[in-house]
Amino acid sequence: MFILYETPAGYAIFKLLDDNKFKEIDNLYLEFETPEKASKIVKLKHFEKFADTTEALSAATAAVEGKVSKPLKKALKKLELNDVQSQLLVADAKLGNAIKDKLSLQCVANTSVLELMRCIRTQSESLLSGLPKKEMTAMSLGLAHSLSRYKLKFSPDKIDTMIVQAQNLLDDLDKELNNYMMRVREWYGWHFPELGKILTDNVAYVKTIKLVGMRDNMADTDLSDILMDDLEQKVKEAAEISMGTEISEEDISNIQNLCDEIIAITEYRSHLSDYLKARMMAMAPNLTVLVGETVGARLIAHSGSLVNLAKHPASTVQILGSEKALFRALKTKKDTPKYGLIYHASMVGSASLKNKGRISRSLAAKASLATRVDAFGDDVTMQLGIDHRAKLETRLRMLEEGNSTRLSGVKAKAKLQKFHAVSEVKTFKVATDSTLPATSSKKVKAEGESLSAPSPKKQKVQKVTETEEEPAEVKEEPVQGEESAKKKKKKKNKAEGAEQTADESVLEASLDTSATTPSSAKKSKKKAKKQAEEDE
């Protein structure tokens, strides 16, 4: 058996002197405790040294990718395998398969081979003669650096660190410019306060102070290169009637020096903005087309790198930058924010208030796709970003017009109708809860109808009351004189009393559960009539 051992200096091929040692690997490390013991188990057969660091790097990258490099192929060709059954022990199974395909060698890669490689590594200095320790250390360090650079695939155009730093510097410059402008307006406002209300543009304000100086020189100075004609006329008229205080030449010189700083910072900021735009177009063209270079750079800076931004889902990209508001809403159980840094994109800004949430969600979804293409795609162009932006503009137009049709070719799903729950009130039938023998449904219905219908006794009572009310009404006739009126009142009171007694007797007869005969009812009626006649 032969062993393929990789080193930073080259490829070494050892011959295993005792094949039985390969089968018993539990105590194999004891056989490599000293160089003398190690030389009895393995012996160096051939060593193929690398010519330079470039060749070492190519061989290392080929081994990592599982390919056979030129130095390895040269070393294996020099190896003469007299016995056809001889095997080559390889640490990487993928590399072993490549050697087997190209050179028709039987390769073995398992845990026993890895244990043997560890033992050889402990005594590599004594087994590899002619390679000093310092030289081997220098070669391993150089190869490690070269391999790291190769794995990183260094490209100046793909460095997102420059974008992050440029965006942070732009934010700092904006803060400094705001502070300087506030100081200049307050400082020069003591001398010429009306100028700050007339000129709202900061650059024009600073250039006017730099060119004019004292307000007394305003009438003799030509400001046509800085201001429009109407503004120039207003400034000169205000200078003549200004209520500001007088300042010295030393004061105005210090103010002009500050104006020089502001002008220089403004020019550098515009230059830095152009640099950031060029970097963003080179690194993330699709993201830049969708959200703009400023918002795209802020998203990259907030997430740390373009790759980190590409790993975020669209829902995270939408609220990126509004973490405080998100956690505050979750803590207080209120509505979560709809947008973060993406709010400053031109497309979200052009939408109406009710459509800002919708268009920001759509823009975040497209920006997430564009970021992944920019981060992981090959030969990236801005065509994807242009197509997505056209679709988003069409969607925004439809939302503003009130149409909510789908933009893609997928058929729209059926609209889900709301479910209205109808509460059904069911009455309980007493007959079904009876312990008596079961009766048919027809009998139950007949009993229910009989309960609801009025009894014949009640019908008779109602007829009697109607007949009694009629003569009482007939008897009421107009009587002349006071005596007739008094008699009439007495008759009325007596008739009402008779009616009440008749009603009470009728109610008692109807409420009585025992069976009453028709003769008793007639007797009660006769008694009531007799009492009425006696009273009259």
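**Figure 1. Burial and overall make-up of the predicted protein.** Of the 536 residues of the protein, 30% count as buried, where buried means under 20% relative accessible area, exposed means over 50%, and partly exposed lies in between (1.4 Å probe, protein chains only). This is a predicted model, in which local features need pLDDT of at least 70 and side-chain atom pairs count only at pLDDT 80 or more, while totals for chains, interfaces and linings use all residues. Residues are numbered from 1 along each chain as its sequence is written, and side-chain values use heavy atoms, with hydrogens and water left out. The accessible surface of the protein comes to about 36,300 Å², and carbon and sulfur atoms hold 53% of that surface; accessible areas come from the Shrake-Rupley method with a 1.4 Å probe, and for residues only the protein chains shown count as cover. The protein has 25 helices and 5 strands, which are DSSP runs (helices H or I, at least four residues; strands E, at least two) numbered from the N terminus. Among contacts with a separation of 6 or more, 65% join residues 24 or more positions apart, a contact being heavy atoms within 4.5 Å.

**Figure 2. Strand β1 and its partners.** Strand β1 is mostly covered, with 4 of its 5 residues buried. Antiparallel to β2, β1 is joined to that strand by 5 bridges, and the two form a hairpin with 3 residues between them. Strand β1 also runs parallel to β4, through 2 bridges. I3 stands opposite F14 in β2, and its bridge partner in β4 is L89. L89 in turn has V108 as its bridge partner in β5, within the parallel pairing that joins β4 (residues 88-89) to β5 by 2 bridges.

**Figure 3. H302 and its surroundings.** H302 is found in helix α15 (residues 293-303), and it counts as partly exposed because its relative accessibility is 40%. Leaving aside neighbours within four places in sequence, H302 is in contact with L320, G321, E323 and L341. H302 and L320 are 18 residues apart in sequence, with 7.8 Å between their C-alpha atoms.

**Figure 4. Two cysteines.** C259 is buried, because its relative accessible area is 0%, whereas C107 counts as partly exposed at 23% relative accessibility. The structure holds 0 disulfides, a disulfide being a pair of cysteine sulfur atoms within 2.5 Å.

Figure 5. The mean pLDDT of the protein is 78, and 75% of its residues reach 70 or more, pLDDT being the predictor's confidence in each residue, from 0 to 100. Over residues 468-482 pLDDT stays under 50, and the model has 7 contacts beyond four places in sequence for this stretch. Over residues 513-518 the pLDDT is also below 50, with 2 contacts in the model beyond near neighbours in sequence. Where pLDDT is low, the predicted coordinates should not be read in detail.

Note on methods. Two strands pair if DSSP finds at least two bridges between them.
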